[in-house]
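Reader: I have some questions about how the labels for this structure were reached. Please set each value against its cut-off.

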Amino acid sequence: MALILTRGGFSLPGTSINFKTGTWRVQKPFHRHLSAPCHSACPAGENAQAWIAKVDEGLFQQAWETLVAVNPLPAVTGRVCHHPCETACNRGQFDEAISINKIERFLGDEAIEQGWAYPVDKPRKSALRAAVVGAGPAGLSAAYHLVRLGYNVTLFDQLPEAGGVLRTALPAYRLPRLVLDAEVGRLLSVGIDFRPQHRLGRDMSLDELKAEYSAVFLGPGDQKSREWSIDGVVQRDLHVGIDLLKEWVAMGSVPQCTSAAIVGGGNTAIDLSRILKRAGVQEVHVITHQSLPGPGIPKEDAMTAIPREIDQALEEGVVIHPHRGIRRLILRGEKVVGVELVHMKKMDKGGKKQTIAFEGTETVLHVDQVIPAVGQEVDPFGMEDLLHHKHAFDADPWGRINGRDGVFVGGDARSGSSGTMSGAVGDGRRAAEAIDAYLREGLPPEEDTTPTIAFGQLNVNYYEHAPRQQEAVLPVDRRKGTEEIEGGLSASQVSLEAQRCFSCGTCFACDNCWTLCPDQAVLKTKELASDGSHYVFDFDYCKGCGLCAEECPCGFIAMEEEI
Amino acid sequence: MTAETVVPISDLRNSQLRFRAMESGHRACLGCGQALAARLVTEAAGPDVMLANATGCLEIFTTPWPESSWRVPWMHSLFENTGALASGMEAALKAQGKSTKVIAMGGDGGTFDIGFQALSGMLERGHNVLYVCYDNEAYMNTGIQRSSSTPHAAMTTTSPPGKESMGKRHLKKDIISIIAAHHIPYAATASVAYPSDLRKKVRRALAIEGPTFLQIHAPCPLGWGHEGDQSIAVARLAVQSGLFPLIELERGRLAGAMPLRDVRPVAEYLKAQQRFRHLFQDAPRAREELEHLQALADHNIEIYGLRGDHPDKLDSEGADTVRRGGARWA
């Protein structure tokens, strides 16, 4: 259209669009996904941020499906996990961490109640076969992920029921058996051929398995208690912590005594201490050379038991002696009447970590039982060739044992594993991926190396303070039997929690960049853009001022040089 | 990872779910607070408006002839007569029986100083016009000269700090009180750091029959001496420190004020800008002026009752909260 220019000429509407201010730009914004701290911290590899986003959208089933694509046991982990995700949660530096563990539990319970089907196809009959030994968390996870990847899986366990340590050593007040049965039962029904009462080395040998199956995963856990003595001395009526725990879980009884000292700072020690209290032992002491966990306590010095469980044990009247060790057993004949305690601390000594006893700090504690709960190791039965007299398998995070093709290992039996249930689930998943890669003669997928977004990379001006939703907890005087101590969150509480999520490092379509761009260079899309956001930059007009990056609440926009 | 969609960008631009009165391609500086403010005002006002625009940055950068960024009727006036022009536009529309709203826009120079008389007349005659003042606290367009809106102690090219002075000697004119004294139905202050609050005030003003006034605090990266990406952060601190209170006045009476949840020290706001850097030298008179500005903020907090007694979802911390899916309160 010919424009006649006269004095007092006018401009046609919106014609500045012809002028590309993008040519001014020396730096440009880009969408950058970073890993949320909850994701990076999860031993199972769950991306909590992703499934919490689904919860926030009200899509509970989709949230659960996202979750079980990684961890098939959310109702269990939602109860027993030590949730490092919540410790890492950026929101913890703003007000309180998101109740991630309880949202997971809600989704797990909801799936059981609603009967949501695992998003897994039954493997084809002609697919390759894999054997999984041990139906604990690692084995169940490996079996499930192998089915997901299309393999026929046979799962062996020496016990009549699946669940492994979850069933044998977790008190029901932490994990109700109805929940365990329901979730494990649903998991097995995705097409896993479960063979109970089959023990490796008794009912079949490793060589037989290797001959019959294309790949073998071992998740035997650590079933054997570590040797314990004080300078070679042990009492005659020695009871070992893990055995007592299993006995109580299976039979509901423990040997009677009036006072007991448990040695160790892990979950077995704490679980057992609470069980002894329930069984009527008047005085229960826990002796550990570590310290009580708390703010400012380095991880390597803190007790390894879950802090929540330690707190509940203290509430129930268990006495914990931190930074103490046993110098001497006080025996009358061969029976214990007490222990001599001494202040102890693990310290660097000549470049080596050593537990040092401090002279002159000895005290005496009168008890009639001393129960070691100082850790377990792999029972080598049936796997002697693989173990080489070690306490755990030398394997990489993918479960591959050097020089042993086709045999993979994971869970507590792998040295370097985190020794937690969620760690075992992660081991099982990674091993399944490694098995898949091995059978396809490829390499297992690379570990996700996306950097984690720090609190300082968020713009928290755009988030509102909101209290963390609290679950109901059984009062101390009612914690007698196997009734579950911690309640769950309701659907509305879970939604409120999901609303609190910062969505660290992932666009949550808040419209802030779209609202604040002075140049209308941020355009909104109805469909998802390829990078998972709802926005695209119009670089014809973006001047590169950086406002969008500066004001992006979740750190999804960054600037890069552009010449 | 860079953004890609299958939809061509130009189609996307034309299917945005908001009214675009001010198109891209304007020549505002990087991170311009006024460009953002004008965009927010016009998109909240909607298509049925006409604009009268005083001389100033906005006029210059949106209409480099023969182009225009405006997609609504827009008329340029002199510095001094925007109020008069808007009055005439409104009267003409009224005579034709049209309900199109007139919005007059000017900078602080065109509003506080040069165009003040015409503005006062417009308010006095009761024209049905929303007058928006983009307050960037100096004559930025002509080279950062002081205006009567420039805050006390700020450096401009005509109020340089030196041996004899510490930046502008006088105080920022209390324009909102002067406007409110015209007894108009609605006058308010807003900030680009609180876009929801800003849009609410535009809609509220336009819904009223009669003269209304909006003063919008709009940082000027060039004139204030901060990076373009800091515009929102700086504007936010002005509000959070109490130096720029967000208030609403109806018929001259205080009708609402955004409470401050966490009052920030004025120094935090001042430190972010080069125009106040002379206040941070180690000298008694610098310390005195710093205290003076803090006292001015404290005074605002006191007379407008800005200190909230409990967290409120629309206070200085809650009013800019974002949610998944872009849900905002206005």
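Reader: What makes residues 1-5 of chain B a stretch to treat with care?

Author: This is a predicted model. Over residues 1-5 of chain B, pLDDT stays under 50. The model still has 17 contacts beyond four places in sequence for them. Where pLDDT is low, predicted coordinates should not be read in detail. Chain B as a whole averages a pLDDT of 95, and 98% of its residues score at least 70.

Reader: Why is Arg429(A) called buried?

Author: Its relative accessibility is 14%. Buried means under 20%, so Arg429(A) counts as buried. Arg429(A) is found in helix 15 (residues 421-439) of chain A. Leaving out residues up to four places away in sequence, Arg429(A) touches Ala44(A), Gly45(A), Val70(A), Ser141(A) and His145(A).

Reader: What does helix 15 of chain A lie across?

Author: Strand 5 and strand 17 (404-409) of chain A. The helix runs at about 165° to strand 17 of chain A.

Reader: Which strands make up the open sheet of chain A, and in what order?

Author: There are 6 strands, in the order 4-3-2-5-17-16, with mixed pairing.

Reader: What makes strand 4 (192-195) and strand 16 (400-401) of chain A edge strands?

Author: Each pairs on one side only.

Reader: How do you know that strand 2 and strand 5 of chain A pair?

Author: Pairing needs at least two bridges. Strand 2 (residues 129-133) and strand 5 (residues 215-218) of chain A are joined by 4 bridges, so they pair. They run parallel. Within this pairing, Ala131(A) has Val216(A) of strand 5 as its bridge partner.

Reader: Why is helix 7 of chain A described as largely enclosed?

Author: Because 11 of its 12 residues are buried. Among them are Ser141(A) and His145(A), both also touched by Arg429(A).

Reader: Which residues have the most contacts inside the largest nonpolar core?

Author: Leu107(A) and Ile216(B), in a core of 186 residues. Helix 2 (residues 33-45) of chain B gives this core its largest share, 8 residues. A second, separate core has 28 residues, including Ile242(A) and Leu276(A).

Reader: What does Leu107(A) contact?

Author: Beyond its neighbours within four places in sequence, the contacts of Leu107(A) include Trp51(A), Phe60(A), Trp64(A) and Trp116(A).

Technical notes: Residues numbered from 1 in each chain as written. Chains lettered and ligands numbered in written order. Predicted model: local features only at pLDDT ≥ 70, side-chain atom pairs only at ≥ 80, totals over all residues. Heavy atoms only, no water. pLDDT = per-residue confidence, 0-100. Contact = heavy atoms within 4.5 Å. Helix = DSSP H or I, 4+ residues; strand = E, 2+ residues; numbered from the N terminus. Buried < 20%, exposed > 50% of the residue type's maximum accessible area, 1.4 Å probe, protein only. Core = buried A, V, L, I, M, F, W, Y, C linked by side-chain atoms within 4.5 Å. Axes fitted to C-alpha atoms, helices over the stretch in contact; angles between N-to-C directions.
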